[in-house]
Amino acid sequence: MKRSDCYEFLAPRVTDQLVVGSLSGQRVEWAHVCPHEGNLLVASMGAALGVAVGLSLVLPHRKVIALESDGSLLLSLYNLPTLGNLNPPNLTVFVFDNEVYSGTRISEPSATSGNTDLAAVARACGISRAVTVRDLESFKREATEALEQRTLSFIVCKIEQTTGHRQIPRPTEDLWEHKYRFVRYLEKTEGKQIFLGRG
Amino acid sequence: MDAELAKRLVTGLREAGIGFVSYLPETRLSEIVPLLRADSSFMVVPVANESEAVSISAGASLGGRPAAVYFEGSGVYVSAYNLLVLGKRLGVPMLLIVAYYGSILDKRNSHIYAAPGIHLIPLLQSLEIQHVVLEDGARLEDKMKGAVKMMHAIKQPVALLFTGEFTV
């Protein structure tokens with residue numbers, strides 16, 4: 001299963017959901033496949049899931065999607081006990097797990113290539129709907145269910161290591177511009193001011 | 001911390017417009033936690049790691065709820081990377097409520113706390129995070145309101161470092 005195939009399936013299903021992504025190839029690929037105003041691609045390892053949790057708590061009526069990777073999640077496993085206890089029903093987490101640090105270009109294996117089972121870790125932290133999918137049909141089934149239901153979902157997607165994102169031009173938007181685009185989209189769709197000129 | 005000071009601190013947060021607090025509990029300011037929990041104007045989120053507190057509060061802030069993070073000074077060290085990439089590089093307003101352990105006026109200071117206390121302000125300076133040291137309750141509410149105004153103005157984290165009478 002390729003991450004790009006999963007993204008091609010997800011992109012047309014993203015309407016007013018908020019999508020928080022992390023770094024590297026998945027950021028470039030998602031921005032290319034789904035240039036959605038509700039994207040917040042934080043360009044950092046170990047931060048996307050936490051940001052998605054914060055958004056899901058303060059906007060309980062909005063669906064929030066976190067796009068994580070094995071390397072990024074392994075860097076921030078402390079999120080899982082918190083997530084298991086908070087259990088926000090409007091959050092869907094996809095962990096695209098290629099079992100390597102592909103951004104290093106030497107494909108150094110990550111812990112998930114060995115004995116680490118991220119879905120099992122998530123379940124042990126209290127996230128009951130945590131599954132691993134290994135083929136596109138299973139991904140489509142689990143993703144559809146997760147996007148339709150109001151239940152915290154945690155889907156580990158075992159994917160091939162691919163380099164297709166290296167052919168995609170990098171986004172030219174800088175991070176402050178990206179943040180403002182996201183915030184203005186939220187202000188428009190929520191009908192409220194988010195950034196205050198003064199407190 | 002004196003109960004009245006804890007009450008003023010929490011009231012000051014509310015009056016400054018803070019509506020979300022993520023935290024990792026510590027010793028010096030811990031009296032504020034039950035007060036925060038008892039006040040329905042705050043959404044209060046306990047976490048397992050200070051980096052996570054910063055990322056969760058960043059999400060809350062971008063979602064439209066002015067957010068704070070409460071932790072011991074050690075939390076600035078632990079969360080320095082997220083403060084840089086979310087707070088500064090992405091530009092997300094949040095208030096840091098920091099128990100300034102190991103500072104000269106820390107009434108619980110010891111050989112255990114002094115080293116991280118000594119390096120805390122240089123660390124904030126290297127991150128270019130605006131900060132104010134509070135030793136007692138004098139003009140507490142003004143300082144908190146000013147810090148929140150500043151975080152909104154620059155859309156970045158601003159830190160309040162509590163020592164002295166707050167560390168009793």
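What follows is a short tour of the contact between the chains, the helix packing, the core and a few loop residues.

Keep in mind that this is a predicted model.

**Where the chains meet**

Let's start with the contact between chains A and B. It takes 33 residues from chain A and 32 residues from chain B. On the chain A side, the elements that give two or more residues are H3, helix H5 (79–86) and helix H8 (175–190). H3(A) gives the most to that side, with 8 residues. Sorted by class, the side of chain A that touches chain B has 21 nonpolar, 8 polar and 4 charged residues.

Two packed helices are described by the angle between their axes and the distance between the axes.

| Helix pair | Angle between axes | Axis distance |
|---|---|---|
| H3(A) and H3(B) | about 45° | 6 Å |
| H3(A) and H5(A) | roughly 20° | within 11 Å |

Take the pair across the chains to begin with. In chain A, H3 covers residues 48–58, and in chain B, H3 covers residues 50–62. At an angle of about 45°, the two helices are therefore oblique to each other. H3(A) passes H3(B) in a right-handed crossing. From H3(A), the residues that take part include A:Gly50, A:Val53 and A:Leu57, and among those they meet in H3(B) are B:Glu52, B:Ile56 and B:Leu62. The residues of this contact divide into 10 nonpolar, 5 polar and 1 charged.

Now for the pair inside chain A. With axes that cross at roughly 20°, H3(A) and H5(A) are therefore roughly parallel to each other. H3(A) passes H5(A) in a left-handed crossing. On the H3(A) side, the contact is made by A:Leu49, A:Gly50, A:Val53 and A:Leu57, while H5(A) brings A:Asn79, A:Leu83 and A:Leu86. This contact of H3(A) with H5(A) has 5 nonpolar, 2 polar and no charged residues.

**Into the core**

Which residues have the most contacts inside the largest nonpolar core? They are A:Val20, A:Ala66, B:Ala68, B:Leu95, B:Val98 and B:Leu160, in a core of 104 residues. H3(A) turns up again here, as it gives the most to this core, with 7 residues. For a closer look, pick B:Val98. Leaving aside residues up to four places away in sequence, B:Val98 touches B:Phe71, B:Gly73, B:Val76, B:Ala159, B:Leu160, B:Leu161 and B:Phe162.

**Some loop residues to look up**

A:Asn87 is in the loop between H5 and strand S4 (91–97) of chain A. Phi of A:Asn87 is near 55°, a positive value in a residue other than glycine. A:Asn87 counts as partly exposed because it has 13 C-beta neighbours inside 10 Å.

B:Arg139 also has a positive phi, about 55°, although it is not a glycine. You'll find B:Arg139 in the loop between strand S5 (130–134) and helix H7 (140–154) of chain B. Is B:Arg139 buried or exposed? B:Arg139 is exposed, because 11 other C-beta atoms lie within 10 Å and the cut-off for exposed is 12 or fewer.

Last stop: A:Asp135, in the loop between strand S7 (130–133) and helix H7 (136–148) of chain A. A:Asp135 is exposed, with 11 other C-beta atoms within 10 Å. A:Asp135 and A:Cys157 are 22 residues apart in sequence, and their C-alpha atoms are 8.2 Å apart in space.

Terms used: Residues are numbered from 1 along each chain as its sequence is written. Chains are lettered from A and ligands numbered from 1 in the order in which they are written. This is a predicted model: local features need pLDDT of at least 70, side-chain atom pairs count only at pLDDT 80 or more; totals for chains, interfaces and linings use all residues. Axes are lines fitted to C-alpha atoms, for helices over the stretch in contact, and angles run from 0 to 180 degrees between N-to-C directions. Helices (H or I, at least four residues) and strands (E, at least two) are DSSP runs, numbered from the N terminus. Angles under 35 degrees count as roughly parallel, over 145 as roughly antiparallel, 65 to 115 as roughly perpendicular and the rest as oblique. A crossing is left-handed if the near helix is turned anticlockwise from the far one by less than a right angle, and right-handed if clockwise. Two residues are in contact if their C-beta atoms, placed from the backbone, lie within 7 Å. Ala, Val, Leu, Ile, Met, Phe, Trp, Tyr, Cys and Pro count as nonpolar, Asp, Glu, Lys and Arg as charged, and the others, Gly among them, as polar. A residue is buried if 20 or more other C-beta atoms lie within 10 Å of its own, exposed if 12 or fewer, and partly exposed in between; C-beta atoms are placed from the backbone. A nonpolar core is a set of buried Ala, Val, Leu, Ile, Met, Phe, Trp, Tyr and Cys residues joined through C-beta atoms within 7 Å.
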